[in-house]
Amino acid sequence: QAQLVESGGGLVQPGGSLRLSCAASGFTLDGYDIGWFRQAPGKEREWVSCIRSSNGDTLYADSVNGRFTISRENAMNTVYLQMNSLKPEDTAVYYCAVAIGHCSYYPDRFRTWGQGTQVTVSS
């Protein structure tokens, strides 16, 4: 059964860093575009980043550009999201998902969602 499992979330002070992992089982991530989304309480799910399988190109939301880095390690069947200079507004549950086709900003263009990992940025 194909599934994704996110990990690496936690509580961090403003300005701190976390690295989230998105590990796949039951299928190979290589060959798929993979996206990260986040959802804060009372808000819609928000696109954060995406990495393309064809050429490794990376895309970022304006709100995280320059602070977050998405990468993939095919040998580990894992995609990462390195988050630096974290801000309280980054607090959310973070999800990874497989793109249906190519990277998109829209959640309904993704499938095989993980269960999410909570990131809380607070002093």
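Guide: Ser 49 lies in strand 5 (residues 46–51); helices (H or I, at least four residues) and strands (E, at least two) are DSSP runs numbered from the N terminus. The model is predicted, so local features need pLDDT of at least 70 and side-chain atom pairs pLDDT 80 or more, while totals for chains, interfaces and linings use all residues. Residues are numbered from 1 along each chain as its sequence is written, and side-chain values use heavy atoms, leaving out hydrogens and water.

Visitor: Why does Ser 49 count as buried?

Guide: Buried means under 20% relative accessible area, exposed over 50%, and partly exposed in between (1.4 Å probe, protein chains only). Ser 49 is buried because its relative accessibility is 0%.

Visitor: How many aromatic pairs are there?

Guide: Rings of Phe, Tyr and Trp (its six-membered ring) pair if their centres lie within 6.5 Å; planes under 30 degrees apart are stacked, over 60 edge-to-face, and the rest tilted. The count is seven aromatic pairs. The Phe 37 and Phe 110 pair is edge-to-face because the ring centres are 4.9 Å apart and the planes stand at 80°. Phe 37 belongs to strand 4 (residues 34–39) and Phe 110 to strand 10 (residues 110–111), 73 residues apart. Both Phe 37 and Phe 110 are buried. Ring pairs also join Phe 37, Tyr 95, Phe 110 and Trp 113 in a cluster.

Visitor: Which ring lies under the charged end of Arg 45?

Guide: A charge sits over a ring if NZ of Lys or CZ of Arg is within 6 Å of the ring centre and within 35 degrees of the ring normal. The charged end of Arg 45 sits over the ring of Tyr 95, 3.9 Å from its centre.
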